[in-house]
Amino acid sequence: MEKQQRLVVSIIDFLNQSVTDGTVKADDKESLDIAIQCISEAFGVDPSDSKQMDTLSIKPATLQNIFDVYLKTMSKVGSASPPPAQPAGLSAADKAKAEKFKVTGNSQMTSKQYDDAIASYSEAIAIDSENPIYYSNRAAAYSSKGDHLAAVGDAEQAISVDPTYVKAYHRLGHAQYALSDFKSAADAFERGLEIEPANASLKSALASAKARIVPDTTATSSDAVSPELPQGMGGMADMLRNMGGGAGGAGGMPDLASMMNNPQLMAMAQQLAGSGGLANLMQNPAVANMMNRVQSGNMPSMDELMSDPSLRGLAEQFGGMGR
């Protein structure tokens, strides 16, 4: 889900920027705001949560920049184009010619002439499109000049030509790492290690990628975990239930006077407050809502509390209720 959320944040940034720079008329801002709200809710992204937005942001890259790089890459190599057709049985002379272009490309890489190196590797590929080394080397050249999307395409092509060529997995992982796609980078490194388990370079790269993966902390309401309660609170639920129905208690709930005069309840409340558990407990949205109702004089009944899954689960932690 994190990868999709990162894309959503990039789209939101793009839409907001489109209004700021005048790409979209100010009259259309309301429509964009509605669109942002809809996609944010659908993917669990909160534009007002600066911490979440910073975590999911791909800055300094932008969606527009990435798309521009993709278009340039398409125009250069044609991602959907098949490898150039070659006559059956490549001659030794042609193979030697392709190797010469590769050597030239390697020399240009050493001199940091990345565009020239890309051109040389492309010449080698045009002659021998079944050699994964040429694609892998061109991927390295693209990465060296910062064109990591093109590098991903060439690394995947190298793997397609020869799935056992380990260096291609390293090129692929490096490019994806540079694009901040750490999960895909880790996957590429792991695939390479399946072929060559003792490869120290892949092991190191995998550890670095895993260290950058941000856990997906998005949880649905059904996955929400109630705060842990301090020891000794197990009997409070039964006690509250037994107190229900007393005079003055609305809907079967105990009134405030009977609660305050119950020494066992007061001792438990003091223990809860002293341990810091009260603050944690009030962070539970269901408990906070119940307390708001109590303060407004709208005391919920015990049956009503037990019909709320969140409160019923919380009550079970207190001990005995809802079982």
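Predicted model: local features only at pLDDT ≥ 70, side-chain atom pairs only at ≥ 80, totals over all residues.
Modeller: Local features need pLDDT of at least 70, side-chain atom pairs count only at pLDDT 80 or more, and totals for chains, interfaces and linings use all residues. Residues are numbered from 1 along each chain as its sequence is written, and side-chain values use heavy atoms, with hydrogens and water left out.

Biologist: Why is Lys112 called exposed?

Modeller: Exposed means over 50% relative accessible area, buried under 20%, partly exposed in between (1.4 Å probe, protein chains only). Lys112 has 61% relative accessibility, so it counts as exposed. Lys112 sits in the loop between α5 (92–110) and α6 (114–127). Helices are DSSP runs (H or I, at least four residues), numbered from the N terminus.

Biologist: What makes the phi of Lys112 worth a note?

Modeller: Phi is near 65°, a positive value, and Lys112 is not a glycine.

Biologist: Why does Ser180 count as partly exposed?

Modeller: Its relative accessibility is 27%, so Ser180 falls in between.

Biologist: Why is Ser120 called buried?

Modeller: Ser120 has 7% relative accessibility, so it counts as buried. Ser120 lies in helix α6.

Biologist: What does Ser120 contact, leaving aside neighbours within four places in sequence?

Modeller: Contact means heavy atoms within 4.5 Å. Ser120 contacts Phe101, Thr104, Gly105 and Gln108.

Technical notes: Helix = DSSP H or I, 4+ residues; strand = E, 2+ residues; numbered from the N terminus.
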